[in-house]
Amino acid sequence: LAVQHFQRAVQIDPTNADAFNNLGTMFARGGQLEKAVEYFREALRLDPNNREFKRNYQQAEQLLKQPR
């Protein structure tokens, strides 16, 4: 339900970096790291100086590189 809420938020406002970051967080928690990285990347593109977005993106990228 929360994922749908944030997906709707980015449809309404595709410049909503917080909503993209929140989507990334939800997908990361659900183990869907590839999708999480995409959302974190978009959040960071929209707000490149945001430390939280940068940290989330980097952590998800590192987790993707680890052997499963």
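Reader: Is asparagine 50 buried or exposed?
Author: In this predicted model, asparagine 50 has a relative accessible area of 19%, and because buried means under 20%, asparagine 50 counts as buried.

Reader: Okay, and where is asparagine 50 placed?
Author: Asparagine 50 sits in a loop, the one that runs between helix H3, residues 33-46, and helix H4, residues 51-65.

Reader: What does the side chain of asparagine 50 reach?
Author: That side chain reaches the backbone nitrogen of phenylalanine 53, and the distance between them is 3.0 Å.

Reader: Switching topic, how many salt bridges does a search of the whole structure find?
Author: The search finds 2 salt bridges. In one of them, the side chain of arginine 41 meets that of glutamate 61, at 3.9 Å from N to O.

Reader: Which parts does the pair of arginine 41 and glutamate 61 tie together?
Author: Arginine 41 belongs to helix H3 and glutamate 61 to helix H4, so the pair ties together parts that lie 20 residues apart in sequence.

Reader: How many residues apart are glutamate 42 and arginine 45?
Author: They are 3 residues apart in helix H3, so about one helical turn separates glutamate 42 from arginine 45.

Reader: What does arginine 45 count as, buried or exposed?
Author: Arginine 45 counts as exposed, because its relative accessibility is 55% and the cut-off for exposed is over 50%.

Technical notes:
Residues are numbered from 1 along each chain as its sequence is written. This is a predicted model: local features need pLDDT of at least 70, side-chain atom pairs count only at pLDDT 80 or more; totals for chains, interfaces and linings use all residues. Side-chain values use heavy atoms; hydrogens and water are left out. Helices (H or I, at least four residues) and strands (E, at least two) are DSSP runs, numbered from the N terminus. Buried means under 20% relative accessible area, exposed over 50%, partly exposed in between (1.4 Å probe, protein chains only). A polar contact is a pair of N or O atoms within 3.5 Å; within protein, one must be able to donate a hydrogen and the other to accept it, and residues adjacent in sequence count only if both atoms are side-chain atoms. A salt bridge is a side-chain nitrogen of Lys or Arg within 4 Å of a carboxyl oxygen of Asp or Glu.
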